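Visitor: I would like to learn how to read disulfides and strand pairing in a model. Could we go through them one at a time?

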Amino acid sequence: MEMSSKENTHFFSNNTILPVDRSSFKSESSASKEKQSCCGGIKIFLGALSFVYFAKALSGSYLKSTITQIERRFDIPSSLVGVIDGSFEIGNLLIIILVSYFGAKLHRPRIIGAGCLIMSAGTFLIAMPQFFMGRYRYERFPSTINSTVSISPCLQDKSQTPLSALEKSQAKINAGCEKEAGSSMWIYVLLGNLLRGIGETPIQPLGITYIDDYAIEENAALYIGCVQTVAIIGPIFGFLLGSLCAKLYVDIGFVDLDSIMITHKDTQWVGAWWLGYLIAGAISVLAGIPFWFLPKHLPKPESRKDSSTSSEQSKFITEDNKEQHKSYQQQVKIAEMAKDFLPSLKNLFGNPVYILYLCASIIQFNSLIGMVTYKPKYIEQQYGQTSSKTNFVIGLINIPAVALGIFSGGLIMKKFRINVLGAAKLSLGSSFFGYLLLLSLFAMGCENSEVAGLTVSYHGTKWTTDYEQALFSECNSGCLCSKNDWDPICGENGVTYVSACLAGCQASNGSGKNTVFFNCSCVGTLESPSQSSSAVVGPCQKGNECPKMFLYFLVVSVITSYTLSVGGTPGYILLLRCIKPHLKSFALGIYTLAIRVLAGIPAPVYFGVAIDTTCLKWGSKRCGGRGACKLYDSSALRYVYLGLTLVLGTVSIFFSVAVLWVLRKRSSPQEETLSANGERGTCGTKSRKDNFANSDHLIQTTYWPEKETRL
């Protein structure tokens, strides 16, 4: 009854034109309609924003799933793939400050809708090289392509090879070299990803703050958790789509598939990487349509009309145009918004909680972005899995654990009414235990594949010498072989050989996928090394213990993903509540900018450079120069990949501890002061709900007491 009378009083004070004798009836009916309109509008926006998060997450995760495919298709190293991946963040960097600051004063839903169209255009552009570059060519010995010509893999005498075949092969290589030398098609992938980053820019800062402005206060954390959870569903479909496309040949629809001599299990296989981008682009177009029909503002909930947590637009109009008495809906001039830019920036960087949390997030995102970007490559190289299976496992097992973790974090925040200090503790705890679990993955690796001349000698002993020179041995000294070829075969002794020529094979039978090589002088058993043996197309499988290690890796990886994700939503809430209410969009924009510049752009690059240092066998481009890596040192890759991730994660934990220390230091004196002067002495004994609602005064500056932000 007391709450109802307050609402009626507030309604009378703002609606004086109503007849006195019917005021009570109209007050109740208007409040009911307004509540329904508010709830309906925010839920429609919530659904539309969730779909957009799904679309952008799908296209982003699909890019991660095609990293190895792009690397093979364009014959580029991991470091260059990291630059392509980081171009998305560069696109964000170009306009993030303008969008987050000025966009908050304009029509936020339509800006998000325009961003979706730009994002879809960039996604379509990524797929365009497939339609302009030549067909994919993989390395295969001539006898496996044309069974009508019998050619010995070990070319002891060039007269064995028909002159016409050599001339035609050389002519094709020269023609392909001239074509590839004039165009670097991977640049279109980089530009498309750059454009995709520009389109994605307004979604997070404008979407999240729009929900926080017009949602009921106690539901804000849950709504944000729901959006983040739906966003995680996008990567599930993104990686599953990547798994499906990885099984389809890259030139499907352009060539006769019966003529393809390799399977999706072959190390030279490239899937239809471009097909998924066409699908993701179409979904982005559909996701942007609803925002063109949503209103600029929504009715505020009754519980927030007398709250100090008013929307950013209303605060901006009230503070900057109070003397001129302009209407709420009137268009704001750019000059009037720009004059408050520097003071706002100074205010943000003067907040120690915001700065420390920003540093912790930057370092942690360096760790996570690098880990996620190269996780498919790590699984493929460490455990010998195909690209299709790797993407399937990540999408169906790993990503749902992340979604459950993010949703659990939001649910815990709502159920237990956790305040800002509690959110900092929850975020710190999830990071600590997550990286602690990650430490155990060092023991769950596989040994190097036994590749003659690279990881083992031709006599079967493990060694590490000059890898390029070690490719040649006495058993293949009479063959005319190239050290740049990569057409692996598996000997019956379980050792992989770089090519049939380097294995000393004298004859072959069959064609394409069913080719069998005979009289291979380098393929011998340990009991009788001199005995010549046979080999089949493709590398040998990893050791017997590797499948078991892969299973252990998946279990620990799922638990680690869930643990790290629990702190996601509390971290968002901590970020929103440690700043002044009217600076939420601007703070999120600066936060996103810092993550893009200092984590999203450099992390894939230096992770890629570090991974490239573990390469044992580099491919060669047709026109000369180093291509993509063909074989990695499994042990070195494990220590570099996991070690870099753990070191960065550990440093971020120290900054999170500093955030918690500052919050504790600010909260204790404030509580003591309140209890001493008696004005709000019951704060410490209030219910957890009240503590949750009023916790943010602990981190607000003393001259901003009337604008405390509530969760």
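Visitor: Is Cys540 buried or exposed?

Guide: This is a predicted model. Burial is read from relative accessible area, and under 20% counts as buried. Cys540 has a relative accessible area of 13%, so Cys540 is buried.

Visitor: Which residue does a disulfide join to Cys540?

Guide: A disulfide is read from the distance between two cysteine sulfur atoms, with a cut-off of 2.5 Å. Here Cys540 is joined to Cys490, S to S 1.9 Å. The link of Cys490 and Cys540 is right-handed, with 105° about the S-S bond.

Visitor: How many disulfides does a search of the whole structure find?

Guide: The search finds 6. One of them joins Cys475 to Cys522, S to S 1.9 Å. Cys475 is in the loop between α20 (467-470) and β1 (489-491), and Cys522 is in the loop between β4 and β5; the pair links distant parts of the chain, 47 residues apart.

Visitor: Why is the disulfide of Cys475 and Cys522 right-handed?

Guide: Handedness is read from the torsion about the S-S bond. For Cys475 and Cys522 that torsion is about 100°, so the disulfide is right-handed.

Visitor: Where do Cys615 and Cys629 lie?

Guide: Cys615 and Cys629 form a disulfide with sulfur atoms 2.0 Å apart. Cys615 lies in strand β6 (residues 615-620) and Cys629 in strand β7 (residues 626-632), so the pair ties together parts 14 residues apart in sequence. Cys615 counts as buried at 11% relative accessibility, and Cys629 counts as buried at 9%.

Visitor: How many bridges join β3 to β4?

Guide: There are 4 bridges between β3 (residues 505-509) and β4 (residues 516-520), which run antiparallel. Ala507 has Phe518 in β4 as its bridge partner. On to the next pair: 3 bridges join β4 to β5 (residues 533-537), again antiparallel. Val516 stands opposite Val536 in β5, and the bridge partner of Cys520 in β5 is Ser533.

Methods:
Residues are numbered from 1 along each chain as its sequence is written. This is a predicted model: local features need pLDDT of at least 70, side-chain atom pairs count only at pLDDT 80 or more; totals for chains, interfaces and linings use all residues. Side-chain values use heavy atoms; hydrogens and water are left out. Two strands pair if DSSP finds at least two bridges between them. Helices (H or I, at least four residues) and strands (E, at least two) are DSSP runs, numbered from the N terminus. Buried means under 20% relative accessible area, exposed over 50%, partly exposed in between (1.4 Å probe, protein chains only).
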